[in-house]
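Biologist: I'd like to learn how to read aromatic rings and sheets in a model. Can you walk me through one?
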Amino acid sequence: LSVYNVGFQKCDPLYQWGPGIRDHYLIHYIISGKGYYKIKNTTFTLQAGDSFLVYPNTEVLYFADESDPWEYAWVGFTGSDAATILQATDFSRKQPCIHAVPNGEEVKRQLLHIYDARGNGFEHAVEMTGRLYTTLALFLKSSTQKETQLTAATYVQKSIEYISANYSYPITVEDIAA
C-alpha cells in the first residue's frame, strides 16, 4: 500500500466534489455534520460517525448538507494489497458506506495521525503507510463478513493480482494456484 493523499476539511454548505473519477481508493470518515454521496443513480445520506469509500475508476459525487455541512477526514491510497484488504471490510461496491462505524473515534484518530506524518521523505511514506494499515485494520476488526466467503474472495483477488503483475512472463495455472 501507499498513501496517495490525506487531509481533513470543514466544508461550506453545499460544498461538493465531482462528478469525477479517482484513480485510487479514498476513505472518508465524517467527523461532524451531514452530507450526501452519490454513485450512479443511488444517493447515500451520511452523518457524523459514518464512513464512505470511493473506488478507483468510478464516477462519484459527494456534497455537504445545506444546513449542517459535514467535516471529514480522508485518506487516498493505492497498492496491490488494497483490493484484498477492502474486500475483508464491510465496504462493497453495492454498499460503499458504513453507518455508525463501531470504532469511529479511533478511525478518526488514525486518519489524523496519517495527516500528521505527511511529508516528502522516505520515513514519512513508511510512517503514513504503517498508519494506513492500522486504520484499515480497524475496519477489518468491525467487519461482519463471514470468514469462509472472505477466504475464497482473498484467494481469487490474490490470483488476479499475481496475473496482473506477471502476465508478461510465461506463467502457468500451477504458478497462479501456488
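Predicted model: local features only at pLDDT ≥ 70, side-chain atom pairs only at ≥ 80, totals over all residues.

Biologist: How is a pair of aromatic rings described?

Modeller: You give the distance of the centres and the angle of the planes. Take Trp 17 and Tyr 62: their ring centres are 5.7 Å apart and the planes sit at 20 degrees, so this pair counts as stacked.

Biologist: Where in the chain do Trp 17 and Tyr 62 come from?

Modeller: From distant parts, 45 residues apart: Trp 17 is in strand S2 (residues 16–21) and Tyr 62 is in strand S7 (residues 59–64).

Biologist: Is Tyr 62 buried or exposed?

Modeller: Tyr 62 is buried, with a relative accessible area of 3%. Trp 17, at 23%, is partly exposed. Trp 17 also has Arg 22 over its face, 3.8 Å from the ring centre.

Biologist: Which residues do ring pairs link into a cluster with Trp 17 and Tyr 62?

Modeller: Tyr 37, Phe 44, Phe 52, Trp 70, Tyr 72 and Trp 74.

Biologist: Now the sheet. How do strands pair?

Modeller: Through backbone hydrogen bonds, either parallel or antiparallel. Here four strands make an open sheet, ordered S2-S7-S4-S5, with antiparallel pairing. S2 and S5 (42–47) are at the edges with a single partner strand each, so one side of each has no neighbour in the sheet. From one strand to the next, the twist averages 15 degrees.

Biologist: How many bridges join S2 and S7?

Modeller: Four, in the antiparallel sense.

Methods. Residues numbered from 1 in each chain as written. Heavy atoms only, no water. Phe/Tyr/Trp six-rings, centres within 6.5 Å; stacked < 30°, edge-to-face > 60°. Helix = DSSP H or I, 4+ residues; strand = E, 2+ residues; numbered from the N terminus. Buried < 20%, exposed > 50% of the residue type's maximum accessible area, 1.4 Å probe, protein only. Lys NZ or Arg CZ within 6 Å of the ring centre and 35° of its normal. Pairing = 2+ DSSP bridges. Axes fitted to C-alpha atoms, helices over the stretch in contact; angles between N-to-C directions.
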